[in-house]
Amino acid sequence: MNDYQRIINYNFSDVVLDDKLVVKFKIEKTFSESQFIGLFSCKRGERFIIRTPDTKTAIIGIGYETTWFLDSNDFLTSFDNNSILSGFEELKAQTSILEIDEHDEEYFGIYGGISDGNNRNSQEWIDFSDTTFVVPGILAVFKEEYVYITLFFNMREEKDFTKLWHERVEFLEKLDEYKEQPNEPHISVVRDIYPETWQENIKAALLQIEKEELKRIVLSRKNLILLENNTSLGAITKYLLGKNRYFIAFESKKSLFITTNPLVSLDYTNKELKAQLYFKQENLFNNNFSILFDEEEIIRDYRDSFTENFETHFDVVADKVLMGKRLDVYSVLKAKIEDNQKAIKALSLLYPIPLIKGYPEDVAREFFEKNNRIGYGFWYSPFGYITNNMDAKFYTCGSMMVAQKNMITLFTSILLSKDDTYDKVVEKSNQTVKSNLELFDH
């Protein structure tokens, strides 16, 4: 049995309480991630979970105490825009930290990401701001046999802190008694959304590739999935963890987005900046690569850009990561960077990723503006976190779903490159949709 009373009855009489306070403690893991999320159904629209292959942890946020919801993605499009970072630094300067138990890592921070900048123009993404960062009131990190809890108090009201503390930690008294009742996602109907649009775009893109104007491009295909029951973050968490999947799921208002293959794209830890450039996906059964192109040219472009903006040398090293039965082969731009704000702004040098959206970038952008003006939201955009130490991890969100009640919009990538034909691309796209739908197959 957990010694929850040690936490609940903690004596704050000798603690100086500032307007903003972070309290840290840890408890034994006697409950599941989905149980924890389910406890906070009253906070629907203000919850997230991040479970990624590089950390092997599950990070859960409950209640958005402080937010940066911006109707632009300027932080991503301008290398000199530090609005989010300066705002977080200001918050940190006003915050005191109390450790009831020491944490093995720093988890207090801001969590969120930056979209393509057109969320207000898209039905699927309307509930999400173009730039979305939050400080959760309750942060729970599930790591091995412990759960590391970080509580953030933004004490704007004149309120007795003892009462405030008991309100915030009352979930501890409910954990062992809480019974999960999530509905697993069962599909009722699947249908294509405007199939004629993505099919015509395939023909137009292949024509430009034939003319050697484009080398490669990734188009969007959308499917509408109707479930038998309304879904929930608790149900999705239980379901995906049961399938041992890595994923990011983030709620805003009445919507929830889920990516089921988050790939770390920016890792800034202990002053070392690593930017990952994903090039190929290798099928482990037949050793075939599913993405091929002249990566040396793109590596050179990225390295030149990073070198120019950071005025330092970047090494390029090869690496790989196993994702299920697929191997992602990638190159890493690596350098020591002392300026942490500038290091995190490397996001604006990475995105939009021409490796994924299209190459050459200017030709692909023109194609999208003319033929494919849909909201991408956080699809192939950065989502992650920045800690109190100003370390950061951001992930590229590939396979993507946006859920509202019992409706899910599934985003599928359609890759086009040299030697592709229309029939071959459509067949491959159909197989990808079928594979994505297997996530729901019992």
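**Strand pairing and helix packing in the predicted model**

Strand β2, which spans residues 47-51, pairs with strand β3, residues 58-70, in the antiparallel sense, and five bridges connect the two. The structure described here is a predicted model. Six residues lie between β2 and β3, which together form a hairpin, and within its turn Lys-56 has a positive phi of about 60 degrees. Along this pairing, Phe-48 is found opposite Gly-61 of β3.

Strand β3 also pairs with strand β6, which covers residues 131-143; these two strands run antiparallel and are joined by eleven bridges.

Turning to the helices, helix α7 (residues 195-210) packs with helix α13 (residues 361-371) at an angle of about 150 degrees, and the axes of the two are 12 Å apart. Because an angle over 145 degrees counts as roughly antiparallel, α7 is described as roughly antiparallel to α13. The crossing in which α7 passes α13 is right-handed. From α7, the residues Asn-201, Ala-204, Ala-205 and Gln-208 take part in the contact, and they meet Val-363, Phe-367 and Asn-371 of α13. Sorted by class, the residues in this contact of α7 with α13 comprise four nonpolar and three polar ones, with no charged residues.

Note on methods:
Residues numbered from 1 in each chain as written. Predicted model: local features only at pLDDT ≥ 70, side-chain atom pairs only at ≥ 80, totals over all residues. Heavy atoms only, no water. Pairing = 2+ DSSP bridges. Helix = DSSP H or I, 4+ residues; strand = E, 2+ residues; numbered from the N terminus. Axes fitted to C-alpha atoms, helices over the stretch in contact; angles between N-to-C directions. Parallel < 35°, antiparallel > 145°, perpendicular 65-115°, else oblique. Left-handed = near helix turned anticlockwise from the far one by under 90°. Contact = heavy atoms within 4.5 Å. Nonpolar A, V, L, I, M, F, W, Y, C, P; charged D, E, K, R; others polar.
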